[in-house]
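Welcome! Open your viewer, keep the sequence at hand, and follow along from stop to stop.

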Amino acid sequence: AVSDSFSQPRRPNDVSFPTVMVHRPSFTTEKVHSNYIDCVRWSGNFLLSKSVANRIVLWAPDPTRGKSAVCILREMRLDSCALWFMKMSVSVPLDLCAIGNSKGRLFLFRISEIDNGHSGQPLGFPAH
């Protein structure tokens, strides 16, 4: 269906081309978070996901170790981010992750500088 959308000429009366229904995801896991996941972003070939448990995790699926196995690369601890629908964003060069909390505090994390297995620390900015 995807290749047809680029190669087939427009059909009369806006009739769509045949589509493929996908009923199952390519990958699924419950091994990254144990609570609601309210935001997921791509960071290159990795995923950044945030749960209501005050943490953002950088991870990748690892099907070589099992059907739902993952490799957790980084973890960023937050405070006062347990609300549902607290979204995060990733910069275009994929090096910064930004999120706010329920107390008006902004966290900026440099993704590449977080040590594996340790809590990420937000970047410090001078007070004005």
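Predicted model: local features only at pLDDT ≥ 70, side-chain atom pairs only at ≥ 80, totals over all residues.

Start by selecting tryptophan 84, which lies in the loop between β4 (70-77) and β5.

Show the surface around your selection.

**Stop two: a cluster of rings**

Ring pairs link Tyr36, Trp84 and Phe85 into a cluster. Tyr36, Trp84 and Phe85 also make a nonpolar surface patch of about 400 Å².

**Stop three: how the rings sit**

A pair of aromatic rings is described by the distance of the centres and the angle of the planes. How many aromatic pairs does the count come to? It comes to four aromatic pairs, taking rings whose centres lie within 6.5 Å. One of them joins tryptophan 84 and phenylalanine 85: their ring centres are 5.1 Å apart and their planes stand at 70°, so this pair is edge-to-face, the term for planes over 60 degrees apart.

Next, select phenylalanine 107 and phenylalanine 109. This aromatic pair is stacked, with 6.2 Å from centre to centre and 5° between the planes. Phenylalanine 107 and phenylalanine 109 are both buried.

**Stop four: an open sheet**

Switch to a cartoon view and colour the strands β5, β6 and β7. These three strands form an open sheet in the order β5-β6-β7, with antiparallel pairing. Which strands are at the edges? They are β5 (88-90) and β7 (106-110), each of which pairs on one side only. Neighbouring strands of this sheet are turned by 15° against each other on average, direction ignored.

Zoom in on β5 and on β6, which covers residues 96-100. The two strands pair in the antiparallel sense over three bridges. To see a pair of bridge partners, select serine 89 together with alanine 98, its partner in β6.

**Last stop: the whole chain**

Zoom out to show everything. The protein chain has one helix and eight strands. Read along the sequence, the pattern is α-β-β-β-β-β-β-β-β. What percentage of the 128 residues in the protein chain do buried residues make up? Buried residues make up 30% of them.

Terms used:
Residues numbered from 1 in each chain as written. Heavy atoms only, no water. Phe/Tyr/Trp six-rings, centres within 6.5 Å; stacked < 30°, edge-to-face > 60°. Buried < 20%, exposed > 50% of the residue type's maximum accessible area, 1.4 Å probe, protein only. Pairing = 2+ DSSP bridges. Helix = DSSP H or I, 4+ residues; strand = E, 2+ residues; numbered from the N terminus. Axes fitted to C-alpha atoms, helices over the stretch in contact; angles between N-to-C directions. Patch = residues over 30% accessible without salt bridge, like charges linked within 9 Å, V, L, I, M, F, W, Y side chains within 5 Å. Areas by Shrake-Rupley, 256 points an atom, 1.4 Å probe, with all protein chains shown as cover. Salt bridge = Lys/Arg side-chain N within 4 Å of Asp/Glu carboxyl O.
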